[in-house]
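Dear colleague,

Please find below the structure that I am handing over to you. My notes on its domains and charged contacts follow it.

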Amino acid sequence: MKQAVILAGGKGTRLAVRLDGRPKPLVEVCGEPLLGRQLRALADQGIEDVLLLVNHRAKDIDEFVATATANVPLRVALRDDGDTPLGTAGALFAAIDDLDDEFLLVYGDTLFDIDVAAMLEHHRVHLADVTLLVHPNDHPADSDLIELDDADRVVAMHGYPHADGVDYDNLVNAAFYVCRRKGLGRLLETGRPQDLAKDHLPALLAAGARLFGYRSFEYIKDIGTPSRLELAEAHLKSGRVARARRSMPQHAVFVDRDGTLNELNGYISDPDQLCLIDGAGAAVARLNALEFRVIVTTNQPVIARGECDEAGMGRIHRRLQTLLGHHGAFVDLIQYCPHHPDAGFVGEVPTLKRKCECRKPGIALIEQAREILNVDLKKSWFIGDSTADIEAARRSGLRSILVQTGEGGADGKYPCHPDYVVADLAEAVSLIATGPLESRVGQSQEAVY
Ligand SMILES: [Zn+2]
């Protein structure tokens, strides 16, 4: 894939105070026009040709490109659709003859730092027509959400606003795509502007196209308003953008579910039984702000027992994400072990009644998360309420924090030597955020169950 298309139309009305008379793609981000940053980022990712789709102030943009590409190995072509309102899909289809068989599609108002090769591999492995980069955000209730199946195929697109009482996975379309030109189909309507995300992709999906989601924690944010732009600038200056690269080892906090994140309420088999522990939502939001990847790792023998199937577990975890979303919080990964070692119960699922490596204190799920999110286990933590959590942490080299909610470490199943003992998740996150206190270390040495 050698080509990228940048959708750089629009007047930037909302960004006017920051434009200083410049066209929108040239808005300065930490002193450098955004388009210049995008071109450099694309060249770094091996892109050789850029097609820039504009409909406003093409001459100014063209002049900038001439100077910006002097030192960047890129060929940039401009296509100016004038004042005709085509919409993003309309603009793309107007340029269809200039598109390669496979190309990257980005929006001209996003700041991104993405490993394109990794996304392209995902696209090719899945034989996708279009691959959408998706990620959780801290306001899923007012975002357009994407629903994926277990194989990452898009099964539904849920545009905002969402109906009350419906839970979705917190997966937001980041407007960063790998496309197969022939997989884009035809523009359905030409009489009015067609938006890619709102009109064309849902139509493609309905027509059976192979749309896939590529989950990523890498940095991508739209800077279409002054406040978003300021936030992105702060992230650039603080190094947050670079730290979110896939190649950078990530700090993570593994969090147990029942008894740690939500109230221990028997075996939860229905979303309505799920209730966050006081302060847990805000605690997860705090971990998000601290740039920890948050990974829920939970034993769910309720599946092996036949009391809840995988679809039911999906509903429970969508509720969990909705409840966290109310607190501006999200998780990067939810993993569960569906197995149970002891057979002989009425209604059980025989194939899941087996010994496995993923049931905590087994560490297969932790190893899997390390792989998926490039986690540096030495700089990461496990917070849990059971002895299995603490033992899993020990086996995988994670620092452990036992919370006194849920089982409170009193289940007696495994040796339990947590590094720290605190009241609850909120206190555990405070400990991680502010650094362990010496007095706490002393306390933890006594707190051996
Ligand atoms: Zn298992």
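**Domain arrangement and salt bridges**

In this predicted model, the centres of domain 1 and domain 2, taken over C-alpha atoms, are separated by 35 Å. The contact between the two domains draws 10 residues from domain 1 and 16 residues from domain 2. According to the domain assignment of the chain, domain 1 covers residues 3-242 and domain 2 covers residues 249-446.

About 1,200 Å² of area is buried between domain 1 and domain 2, and carbon and sulfur atoms give 50% of that area. On the domain 1 side, Asp167, Phe217 and Arg240 supply 49% of the area buried against domain 2, which is more than any other three residues.

Polar and charged contacts also cross this interface. Between domain 1 and domain 2 there are 2 salt bridges, and 6 residue pairs are in polar contact across the interface, with both residues at pLDDT 80 or more. The side of domain 1 that touches domain 2 is made up of 4 nonpolar, 2 polar and 4 charged residues.

Two salt bridges involve residues already named above. Arginine 240 pairs through its side chain with glutamate 291, at an N to O distance of 4.0 Å. Aspartate 167 pairs with arginine 319, and their closest N and O atoms are 2.6 Å apart.

In helix H12 (residues 387-396), arginine 395 and glutamate 391 are 4 residues apart, about one turn of the helix. These residues form a salt bridge whose closest N and O atoms are 2.9 Å apart. Arginine 395 is partly exposed at 43% relative accessibility, while glutamate 391 is buried, with a relative accessible area of 6%.

The side chains of arginine 305 and glutamate 307 also meet in a salt bridge, at 3.2 Å from N to O. Arginine 305 is partly exposed, with a relative accessible area of 23%, and glutamate 307 is likewise partly exposed, with a value of 40%. Finally, a network of salt bridges links Glu32, Arg37 and Arg40.

With kind regards

Definitions and conventions:
Residues are numbered from 1 along each chain as its sequence is written. This is a predicted model: local features need pLDDT of at least 70, side-chain atom pairs count only at pLDDT 80 or more; totals for chains, interfaces and linings use all residues. Side-chain values use heavy atoms; hydrogens and water are left out. Domain bounds come from an automatic or database domain assignment. Contact means heavy atoms within 4.5 Å. Buried area is the accessible area (1.4 Å probe) that two parts lose on being put together, summed over both. A polar contact is a pair of N or O atoms within 3.5 Å; within protein, one must be able to donate a hydrogen and the other to accept it, and residues adjacent in sequence count only if both atoms are side-chain atoms. Ala, Val, Leu, Ile, Met, Phe, Trp, Tyr, Cys and Pro count as nonpolar, Asp, Glu, Lys and Arg as charged, and the others, Gly among them, as polar. Buried means under 20% relative accessible area, exposed over 50%, partly exposed in between (1.4 Å probe, protein chains only). Helices (H or I, at least four residues) and strands (E, at least two) are DSSP runs, numbered from the N terminus.
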